[in-house]
Amino acid sequence: MKKLSGGHIVVKVLEKEGVKKAFCVPGESYLGVIDGLYEHPKIELISTRHEGGASFMAEAYAKASGKVGVCMATRGPGAMNLSIGLHTAMQDSTPLVALIGQVERPFKGKEAFQEVDFAAYFSHLCKWAVEVDTAERIPEILHRAFYIARSGRPGPVVVSLPHDMLEDVIDYPEGTVAEVIKPEAGDAAVEKVLAKLNNANQLIIIAGGGVIAANAQEDLAKFAEKVKVPVASAFRRFNVLSNDHTNYAGWLGFGSDSKLIEYIKGADLVLAVGTRFSQVTTQDYTLLNEKTELIQVDISPDSIGKAYPAALAVVSDAKKFLQKALELANPVKDESREKAVQNCHEAYLASSTPPAPSASQEFAELNAVMADIAAEVPENSILTSDAGNFYGWLAKYFRFTNEKEYIGPTSGAMGYGLPAAIGAKAACPDKTVISFSGDGGFMMTMVELETAVRANLPVIAIVVNNNMYGTIRAHQEKHFPNRVMATPLTNPDFAAVARQFGCDGETVRKNEEFKPAFKRALQSGKPFVIEIQTDPNILSAAQAAT
């Protein structure tokens with residue numbers, strides 16, 4: 001049996017778990033792991049400029065690749081900075097393992113340099129938080145961490161690694177990769193679901209991240225077609241069904257189409273597949289009423305009934321449920337259902353068509369910009385975004401298809417767009433990856449442009465600049481009119497800053513300038529920043545449409 005240090009054993013486990021890339025800010029408390037990676041070049045370690053960027057990259061990498069994301073940080077401040085991506089992974093049900101260096105074991109409990117009790121700190125933020133006390137237990141605990149991250153409702157796991165433990169040298173006790181067996185609904189349960197669907201008058205499927213995680217989009221499309229039911233996507237889960245599919249009824253979230261909301265509120269039956277019914281999806285928990293019967297299908301029993309009581313609860317992987325439902329369902333021939341599907345899709349198409357731009361040319365108009373983006377984005381693309389008022393235009397007017405995917409934080413984390421694009425590009429180097437950010441969010445993680453240049457990850461970053469925290473300004477003006485405070489911003493020349501980082505960059509001030517700039521970005525071969533200067537008086541897509 002070969003003798004290895006604890007740090008090198010960590011790397012052996014990562015290799016056995018199939019890890020190909022990891023994201024970090026290096027720290028002396030886990031240099032033993034970095035040294036192990038030096039001898040194992042099969043795992044690419046991408047060093048970032050901030051731990052928040054590292055965790056966002058790992059989270060988006062996991063979404064784009066379908067694998068467990070891995071990020072690393074040092075103790076204390078490094079771990080605290082990492083928290084934002086872990087919270088995002090928890091709310092987005094993203095499998096992620098965070099390795100964090102820890103103070104030396106003899107110093108624990110003495111308020112040692114940068115000491116934090118990570119198991120306690122992260123216990124409510126992640127699926128599991130654990131500290132490894134002896135090098136002998138590294139394989140056991142770390143393999144379990146990967147299993148917990150990807151099983152059930154996926155999520156983040158934190159593993160704390162004491163500095164001195166990583167330097168212990170022992171015989172390497174090889175561990176085992178645990179296979180995840182996903183739960184499957186039985187025939188009787190699926191038959192009950194189908195019977196309720198057959199007896200409903202006005203019904204809809206609300207599909208969420210569980211469908212995407214299970215790669216069940218095609219199964220959902222076939223099932224919706226077969227039983228003649230419209231499908232709405234949960235908050236930031238546009239790709240549950242190609243938006244050009246005739247059964248797609250639109251998306252739920254901030255600024256959803258009022259006709260879709262009215263239809264769901266009038267439904268006598270809702271079939272929820274792989275969604276946890278977040279506050280945003282449910283319009284502050286007002287979407288369903290006491291007369292609506294809910295059938296909830298979810299991989300985790302903990303998610304069922306959390307927001308609304310379920311009349312029928314089915315614990316199942318989304319793909320396994322939909323495949324079984326397809327097998328057992330009889331084709332529905334019902335003109336009223338077909339008409340409902342048609343009406344819902346037509347309403348979505350009408351609401352997602354950008355209005356014609358106005359004659360004003362003082363600023364670039366996002367209505368016109370989104371029309372150009374929709375026309376020019378290549379197939380085989382991934383679009384990422386921050387939170388912010390600019391997101392309303394992307395949600396409303398971009399139609400996501402099977403070949404045009406979306407990755408975004410249901411946690412509403414600012415600063416996500418650019419590092420997420422870098423993580424997605426690392427996972428899918430052959431895809432065009434485009435991030436959307438406001439000026440406020442972009443400035444939070446703009447330093448990761450250097451990471452993109454150094455790692456040769458040519459993403460396109462679109463920055464919508466209105467010189468303010470736009471979403472908060474909108475709330476401020478609504479609730480405290482004429483009392484603006486803290487929301488105005490001043491910004492650098494983003495295109496010039498991008499060039500200083502080694503990227504290409506351009507500024508768009510008029511509608512007709514965007515399309516040529518975007519085409520140059522697609523051909524650049526380098527990270528490319530497009531700053532769009534917009535009217536600060538227009539704070540939402542709804543306002544711009546009037």
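**Helix packing and salt bridges**

In this predicted model, helix α9 (residues 217-227) and helix α11 (residues 318-328) pack with their axes within 9 Å, crossing at roughly 35°. The crossing of α9 past α11 is left-handed. On the α9 side, the contact is made by Asp219, Leu220, Lys222, Phe223 and Lys226, which meet Lys319, Leu322, Gln323, Ala325 and Leu326 of α11. Sorted by type, the residues of this contact come out as 5 nonpolar, 1 polar and 4 charged.

Two of the charged residues pair up: the side chains of aspartate 219 and lysine 319 form a salt bridge (2.7 Å, N to O). That pair links α9 to α11 across 100 residues of sequence. Aspartate 219 counts as buried, at 10% relative accessibility, whereas lysine 319 is partly exposed at 24%.

Salt bridges turn up elsewhere too, with 25 in the structure. One of them joins arginine 105 and aspartate 168 (2.7 Å, N to O). Arginine 105 sits in the loop between β5 and α5 and aspartate 168 in the loop between β7 and β8, so this pair ties together parts 63 residues apart in sequence. Another joins lysine 196 and glutamate 293 (2.7 Å, N to O), bringing together helix α7 and strand β13 from 97 residues apart. There is also a network of salt bridges, made up of Glu59, Lys63, Asp92 and Arg237.

Threonine 451 is buried, its relative accessible area being 0%. Setting aside neighbours within four places in sequence, threonine 451 touches Ile46, Ser47, Thr48, Arg49 and Met57.

Definitions and conventions:
Residues are numbered from 1 along each chain as its sequence is written. This is a predicted model: local features need pLDDT of at least 70, side-chain atom pairs count only at pLDDT 80 or more; totals for chains, interfaces and linings use all residues. Side-chain values use heavy atoms; hydrogens and water are left out. Axes are lines fitted to C-alpha atoms, for helices over the stretch in contact, and angles run from 0 to 180 degrees between N-to-C directions. Helices (H or I, at least four residues) and strands (E, at least two) are DSSP runs, numbered from the N terminus. A crossing is left-handed if the near helix is turned anticlockwise from the far one by less than a right angle, and right-handed if clockwise. Contact means heavy atoms within 4.5 Å. Ala, Val, Leu, Ile, Met, Phe, Trp, Tyr, Cys and Pro count as nonpolar, Asp, Glu, Lys and Arg as charged, and the others, Gly among them, as polar. Buried means under 20% relative accessible area, exposed over 50%, partly exposed in between (1.4 Å probe, protein chains only). A salt bridge is a side-chain nitrogen of Lys or Arg within 4 Å of a carboxyl oxygen of Asp or Glu.
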